[in-house]
Amino acid sequence: MTFDVDLLRKDFPILERTLGGAPLIYLDSGATTQKPLQVLDAERDFYLHHNAAVHRGAHQLAGEATEAYEQARHTVARFIGAAADEVVFTRNTTEGINLVAYALGNAGRLGPGDRIVVTEMEHHANLVPWQQLAERTGARLDWFGLTDDGRLDLSRAGQLLDERTKVLALSHQSNVLGTLNPVRELADRAHAFGTLVVVDGAQSVPHRPVDVTELGADFLAFSGHKMLGPNGVGVLWGRADLLAGLPPFLTGGSMIEIVEMDRTTFLPPPQRFEAGVPMTSQAVGLAAAVEYLERLGMAEVAAYEEQLTARALGLLAEVPGVRIVGPTELTDRGSAVSFTVDGIHPHDVGQVLDERGVAVRVGHHCARPIVRRYGIPATTRASFYVYNTPAEVDALVEGVRAAQRYFGV
């Protein structure tokens with residue numbers, strides 16, 4: 001590891017907070033990450049010195065704003081190994097996936113007899129849009145199930161991926177189980193039948209090196225707020241030829257070429273998919289977040305998180321009554337650790353932890369089919385990032401033991 005975590009934490013003033021006298025231990029980065037000063041300063045600097053509507057004016061401020069916005073696009077493209085014209089700014093992962101689903105439907109790419117394949121571990125953002133597309137087009141929705149240890153059950157791959165399958169949509173890394181899925185393997189199989197592969201990268205792009213060429217997908221969506229960036233900005237990457245063949249998702253200003261009273265033509269991607277005045281300051285902030293992560297090194301980020309995850313899995317395994325929901329080994333696994341405690345509802349575990357300053361997520365984590373698959377009402381989830389420390393992992397485990405003592409189990 002090449003970065004100093006103690007020094008890095010100074011970039012995050014919120015981590016100096018205390019809650020009820022206890023120091024804040026923020027273990028909910030899978031939901032949203034904290035923001036370093038460098039990101040906040042970049043967004044503030046844009047508003048203080050360069051604020052204007054992009055792509056809309058000939059004056060100097062408009063030029064500066066447009067340059068900042070387009071430079072942010074280039075920065076994000078570099079981060080994922082893409083061309084800049086393949087990067088569409090969205091509000092978040094959810095909007096990116098909806099963009100693809102609606103555009104495919106509007107383009108008439110699916111109909112009765114076609115199939116959309118998802119997985120049982122999907123976040124609702126990568127499930128509900130495909131349910132809706134299936135209803136609108138008459139296509140059939142099917143899915144890969146899960147093994148008992150939290151992996152994809154690939155035994156039906158030969159049935160699910162064939163010439164009728166038009167879309168395969170899957171998460172790169174599960175937000176609940178932590179499972180890292182074999183996207184390239186499945187994409188290669190799907191592409192043999194001309195199937196489009198849409199990947200939810202919300203939990204992978206912030207935590208490990210992701211190169212879209214190596215990934216093998218056709219579309220990849222992720223969110224800025226889960227990778228040290230501002231809220232309200234996300235990214236949809238798509239292969240240039242595929243984006244060029246899709247109709248717009250939203251229409252209005254900025255994405256048009258020529259407008260007459262009875263007809264309109266549209267700009268090429270990515271502008272075709274960015275109707276209205278875009279979230280320029282947020283894009284600038286996201287670029288600053290990308291540069292921050294690049295300075296750390298994504299391989300180093302992944303390696304450090306693996307150390308924290310190994311510590312959490314090992315220590316939780318020593319607590320009687322704790323069940324890890326998801327892989328218990330580090331192979332093909334990320335840093336979200338979900339668990340249950342015998343005799344205590346996950347919400348009660350979370351409450352005890354919160355009283356000790358430990359912020360975790362409780363519930364079904366916008367992935368309700370997972371908890372139904374494993375016959376549990378919910379889980380407690382700790383998700384780690386670059387600013388967490390081994391001592392904070394220890395505090396999590398001690399908090400779980402405190403919950404057991406409090407509830408007498």
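Reader: Which residues is H365 in contact with, leaving aside its neighbours within four places in sequence?
Author: H123, N175, V176, S338, T379 and R381. Contact here means heavy atoms within 4.5 Å.

Reader: Before I go on, what kind of model is this?
Author: It's a predicted model, where local features need pLDDT of at least 70 and side-chain atom pairs count only at pLDDT 80 or more, while totals for chains, interfaces and linings use all residues. Residues are numbered from 1 along each chain as its sequence is written, and side-chain values use heavy atoms, with hydrogens and water left out.

Reader: OK, back to H365. Buried or exposed?
Author: H365 is buried, with a relative accessible area of 1%. The cut-offs are under 20% relative accessible area for buried, over 50% for exposed and partly exposed in between, using a 1.4 Å probe and protein chains only.

Reader: And where is H365 found?
Author: In the loop between β16 (361-363) and α13 (368-373). The helices (H or I, at least four residues) and strands (E, at least two) are DSSP runs, numbered from the N terminus.

Reader: What does the side chain of H365 make a polar contact with?
Author: The side chain of T379, at 2.6 Å. A polar contact is a pair of N or O atoms within 3.5 Å; within protein, one must be able to donate a hydrogen and the other to accept it, and residues adjacent in sequence count only if both atoms are side-chain atoms.

Reader: Switching to helices. Which residues of α5 are buried?
Author: In α5 (residues 128-137) they are P129, W130, L133, A134 and T137. Seen down the axis of α5, these buried residues fall within an arc of 140°, so they line one face of the helix. That arc is taken over the directions from the helix axis to the C-beta atoms.

Reader: Why would residues three or four places apart point the same way?
Author: An α-helix has 3.6 residues a turn, so residues at that spacing point the same way.

Reader: What covers the buried residues of α5?
Author: The cover includes α4 (93-106), β5 (115-119), β6 (140-144), β7 (165-171) and β8 (196-200).

Reader: Zoom in on W130 for me. What does W130 touch?
Author: Not counting residues up to four places away in sequence, W130 touches I97, V100, A101, L104, I116, V118, L141, V167, A169 and V198. W130 counts as buried, at 0% relative accessibility.

Reader: Which residue has a positive phi of about 80° although it is not a glycine?
Author: That's L228, in the loop between β9 (219-223) and β10 (234-238). L228 counts as buried, at 0% relative accessibility. D332 is also not a glycine and has a positive phi of about 50°. D332 sits in the loop between β13 (322-324) and β14 (336-341), and counts as partly exposed at 44% relative accessibility.

Reader: Which residues does a cis peptide bond join?
Author: P269 and P270, with omega about 0°. P270 lies in the loop between β12 (264-266) and α10 (280-296).

Reader: Last topic. At what angle do α12 and α14 pack?
Author: About 115° between α12 (residues 346-355) and α14 (residues 390-407), with the axes 9 Å apart. Axes are lines fitted to C-alpha atoms, for helices over the stretch in contact, and angles run from 0 to 180 degrees between N-to-C directions.

Reader: Which residues make that contact?
Author: D348, V352 and L353 of α12, and L396, G399, V400, A402, A403 and F407 of α14. They divide into 7 nonpolar, 1 polar and 1 charged. For those classes, Ala, Val, Leu, Ile, Met, Phe, Trp, Tyr, Cys and Pro count as nonpolar, Asp, Glu, Lys and Arg as charged, and the others, Gly among them, as polar.
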